[in-house]
Every structure is written in C-alpha cells, then in structure tokens.
Amino acid sequence: MRVVMSLLLCMLLISACRQTEKRLPYLGTPIVTEHFVNGHTVYDSAYPVIPAFSLTDQDSLTVTQQTFNGKIYVADFIFLSCPTICPTMNDNMLQVYHHFKNEDRVNFLSHSIDPKNDTILRLKAYAKSLHITDNKWRFVTGNQDTVFRLAEKGYYAAAAKDSTAPGNYIHSGGFFLIDKQRHIRGMYNGTDKEAMQHLVRDIETLLKEG
C-alpha cells in the first residue's frame with residue numbers, strides 16, 4: 001500500500017511541475033476563428049507570425065524565413081552609422097550571442113535600415129570586427145521599403161527615415177525573440193543590460209519548450 005501511495009504522490013508531483021512549468025507568452029493580436037464540434041462552439045486563436053522575407057547577408061547569401069527552420073532567433077533593426085543607440089545594441093547583442101555561441105538552435109538576425117550605406121562589404125567588415133565568423137549572427141540588407149514594412153508589419157517595430165533625427169533615421173531599440181514557428185515570444189530593450197539577462201533566461205525557457 002505504501003508503495004502504491006508513494007507512486008501516486010510522485011505522479012502528482014510530476015504533474016504539478018508540468019502544470020507550473022513557465023511558458024513565454026505569444027505577442028500580437030490573435031485572429032480568433034469559430035467553428036462547431038459536436039454541437040458546441042469552439043474558438044481557436046492564431047497568433048501572428050513573422051511574414052515571409054528574402055534578404056541578403058554579409059556573406060552575400062540569401063536569408064529567408066526558411067533559413068531559421070527548426071531554430072529560434074533574436075532580431076533587431078540597426079544601421080552602422082547610427083550615432084545613438086546602435087553601438088550599445090550591438091554590444092548587448094554580442095554578449096547574448098557569446099552566451100549561446102555553442103547552441104545551434106539559437107540564431108541572431110540584424111536588419112540594416114540603411115541599405116545605401118550598409119553595403120554587403122561593409123556589413124562583412126563589421127561582422128569581422130565583432131569576430132563573427134559563423135552564420136549564427138546574420139547582418140542583412142535589402143530593399144529599404146521592404147525592410148521598413150517588415151519592421152512595422154512583422155515585428156511591430158519603428159523604422160523610418162527622419163531628417164531631423166540623429167543619423168537621419170528613427171528606429172526601434174528593441175530585440176525580438178522569435179520561436180520556431182515564427183511567433184514573437186518576447187520584446188526587450190536592446191540598450192539595457194538587465195533586459196539582456198531577462199532575454200537570456202527567456203531563450204533558455206523557449207529552448208525547453210522543444
């Protein structure tokens with residue numbers, strides 16, 4: 001009897017642990033659909049995903065949403081001549097990159113919003129200056145309007161020309177954590193060290209989701 005009770009207690013404890021296991025939220029406004037199952041109304045929520053894209057990285061390779069199949073990634077929007085927040089963002093991203101350097105399931109994606117000046121050669125030189133020699137962190141460029149639209153519609157991020165702003169651009173300072181299904185699972189202040197600790201913890205949590 002004691003053995004049976006012990007087994008039941010263990011099963012209850014395992015079940016409780018699974019129920020309280022932390023899961024990250026899905027960000028964005030879900031599309032709710034309604035259908036009927038066995039005479040009952042059932043509602044399904046579909047959260048938005050990062051739309052399909054095609055850009056070019058520092059190695060002249062085409063980068064699409066399929067590049068990140070089976071992986072999670074952290075994305076941001078920058079430009080190399082940015083005189084304000086970008087250097088801090090890049091330093092912070094580099095720290096997170098090093099933390100997960102040996103974790104193949106975690107990638108990084110920095111979108112340039114200044115394709116005229118951020119040429120592939122310049123992106124390559126910048127990646128080298130950070131000692132990025134693998135394809136885990138991609139710096140991508142492409143049609144400017146396409147990148148702006150991807151920022152706004154895909155990541156809910158600001159990215160636009162502004163002649164009154166330092167460097168002639170305004171853009172979000174956020175880092176965006178994207179899961180394997182291309183859902184946004186977290187947003188973080190890319191200029192804040194404490195936020196980077198939060199990001200690292202959330203990446204580890206997301207990896208446990210499988």
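**Annotated positions, aromatic pairs and salt bridges**

Cys 86 is placed in helix α2. The model described here is predicted. Cys 86 counts as buried, because its relative accessibility is 1%, under the 20% limit for that class. Leaving aside neighbours within four places in sequence, Cys 86 is in contact with Ile 78, Phe 79 and His 171.

Cys 86 is one of the positions that carry an annotation. An unreviewed UniProt entry places the feature "binding site" at Cys 82, Cys 86 and His 171. These positions are spread over 90 residues of sequence, yet they cluster in space. The largest C-alpha distance among them is 10.0 Å. Cys 82 lies in a loop. That loop runs between β5 (72–78) and α2 (86–99). Cys 82 has a relative accessible area of 6%, so this residue is buried. Not counting residues up to four places away in sequence, Cys 82 touches Pro 87 and His 171.

In one of them, the rings of Phe 108 and Trp 137 have their centres 6.4 Å apart. Their planes stand at 55°, so the pair is tilted. Phe 108 lies in strand β6 (residues 106–112), and Trp 137 lies in strand β7 (residues 137–141). The pair therefore ties together parts that are 29 residues apart in sequence. Phe 108 has 0% relative accessibility and so counts as buried. Trp 137 is also at 0% and counts as buried.

Another pair has a different arrangement of its planes. The rings of Tyr 126 and Phe 139 have their centres 5.7 Å apart. Their planes are at 85°, so this pair is edge-to-face. The pair links distant parts of the chain, 13 residues apart. Tyr 126 is in helix α3 (residues 120–129), while Phe 139 is in strand β7. Tyr 126 counts as partly exposed, because its relative accessibility is 21%. Phe 139, at 1%, counts as buried. Ring pairs link Tyr 97, Phe 108, Tyr 126, Trp 137 and Phe 139 into a cluster.

Charged side chains were examined next. The structure holds ten salt bridges. One of them joins Asp 179 to Arg 185, with the closest N and O atoms 3.0 Å apart. Asp 179 counts as buried, because its relative accessibility is 3%. Arg 185 has a relative accessible area of 2% and so is buried. Salt bridges with shared partners join Arg 23, Asp 179, Arg 185 and Glu 209 into one network. Arg 185 also lies over the face of Tyr 26, at 3.8 Å from the ring centre.

Arg 105 forms a salt bridge with Glu 103, and the closest N and O atoms are 2.9 Å apart. Arg 105 counts as partly exposed, because its relative accessibility is 36%. Lys 153 forms a salt bridge with Glu 152, where the closest N and O atoms are 3.9 Å apart. Lys 153 is at 56% relative accessibility and so counts as exposed. Glu 152 has a relative accessible area of 47%, so this residue is partly exposed.

Terms used: Residues are numbered from 1 along each chain as its sequence is written. This is a predicted model: local features need pLDDT of at least 70, side-chain atom pairs count only at pLDDT 80 or more; totals for chains, interfaces and linings use all residues. Side-chain values use heavy atoms; hydrogens and water are left out. Rings of Phe, Tyr and Trp (its six-membered ring) pair if their centres lie within 6.5 Å; planes under 30 degrees apart count as stacked, over 60 as edge-to-face and the rest as tilted. Helices (H or I, at least four residues) and strands (E, at least two) are DSSP runs, numbered from the N terminus. Buried means under 20% relative accessible area, exposed over 50%, partly exposed in between (1.4 Å probe, protein chains only). A charge sits over a ring if NZ of Lys or CZ of Arg is within 6 Å of the ring centre and within 35 degrees of the ring normal. A salt bridge is a side-chain nitrogen of Lys or Arg within 4 Å of a carboxyl oxygen of Asp or Glu. UniProt positions are given in the numbering used here, feature names are shortened, and annotations may be inferred rather than shown by experiment. Contact means heavy atoms within 4.5 Å.
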